[in-house]
Amino acid sequence: VGGRGDRSWPRIVESLVKRRVPNTTFKVAGVGGSGYVAQGQANVTFADQVRRTVSRNTDVVVIFGSRNDLSASVDKLRESVIDTYTTVRALSPDARLVVIGPPWINEFPPGALLTQREVIAAVAATFDTKVLDPLGGSWFTTNTPDLIGSDNVHPNDAGHRLMAEKIYPVVLTAVDPTAGMRG
């Protein structure tokens, strides 16, 4: 629908970060349909993706989502979020963890998504990690339908650019904590 290749929010953020910190290397491990619990198109969860891509040399891990976990029970979600963040810490104890909560296409997310956001935020707090909150930040609203693709689920290219604008400063600070001080 949108955000393919260099037009995806991860690639836009990568390009912006590399302007400030040129020697940065990114690995993008997103798999359609996956989540903390949901296995997605490649039959992998977020924790599985962490195991495949994070190493002792990893400095920053960004985890974003996921509306794909809407059918998961609260207990299973909590267990899977803990497993994902614990796996990050086990593989790269010093990595900075950036957690982005689930987004929704407008300001009326289902109750299950709000509960999911609360679970993710509570677990992230125990890992001393702050959560970037697309729902609380009103990234997508009924006033911004032009940011959502024709499937009425996924952001289009403009939506990916908006997400990149919101995510970039957080990732830049995680990559280089002194970046904000340099202007």
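Me: Let's start with one side chain: is Asp 75 buried or exposed?

Reply: Asp 75 is exposed, with a relative accessible area of 56%. The words have cut-offs: buried means under 20% relative accessible area, exposed means over 50%, and partly exposed lies in between, using a 1.4 Å probe and protein chains only. Before we go on, this is a predicted model, where local features need pLDDT of at least 70 and side-chain atom pairs count only at pLDDT 80 or more, while totals for chains, interfaces and linings use all residues. Residues are numbered from 1 along each chain as its sequence is written, and side-chain values use heavy atoms, with hydrogens and water left out.

Me: Okay, and which residue forms a salt bridge with Asp 75?

Reply: The general idea comes first. Side chains of opposite charge can pair when their charged atoms come close. Here a salt bridge is a side-chain nitrogen of Lys or Arg within 4 Å of a carboxyl oxygen of Asp or Glu. Asp 75 makes one with Arg 78, where the closest N and O atoms are 3.4 Å apart. Arg 78 is partly exposed, at 35% relative accessibility.

Me: How many residues apart are Asp 75 and Arg 78 in helix α3?

Reply: They sit three residues apart in helix α3, so about one helical turn separates them. When I say helix, I mean a DSSP run of H or I with at least four residues; a strand is a run of E with at least two, and both kinds are numbered from the N terminus.

Me: How many salt bridges are there by this rule?

Reply: The count comes to eight. One of them joins Lys 18 and Glu 14, at 3.3 Å from N to O. Those two are four residues apart in helix α1 (residues 9-20), again about one helical turn. Lys 18 is partly exposed at 32%, whereas Glu 14 is buried at 12%.

Me: Which salt bridge links distant parts of the chain?

Reply: Look at Arg 51 and Asp 83, whose side chains meet at 3.2 Å, N to O. Arg 51 is in helix α2 (residues 46-53) and Asp 83 is in helix α3 (residues 74-91), 32 residues apart. Both ends count as partly exposed: Arg 51 has 44% relative accessibility, and Asp 83 has 33%.

Me: Now the sheet. What is the order of its strands?

Reply: Two strands pair if DSSP finds at least two bridges between them. This open sheet has three strands in the order β1-β2-β3, with parallel pairing. β1 (60-64) and β3 (131-132) stand at the edges with a single partner strand each, so one side of each has no neighbour in the sheet. Strand β2 (residues 96-100) is joined to β3 by two bridges. To find the spot, look for Ile 100, whose bridge partner in β3 is Leu 132.

Me: And how many helices and strands does the protein have?

Reply: There are five helices and three strands, following the pattern α-α-β-α-β-α-β-α along the sequence. For overall size, the radius of gyration is taken over C-alpha atoms, and the globule rule is 2.2 Å times the number of residues to the power 0.38. The protein's radius is 16 Å, close to the 16 Å that the rule gives for 183 residues, so it is as compact as a globular protein of that length. The C-alpha trace spans about 40 × 35 × 30 Å along its principal axes.

Me: What share of the residues is buried?

Reply: Buried residues make up 45% of the 183.
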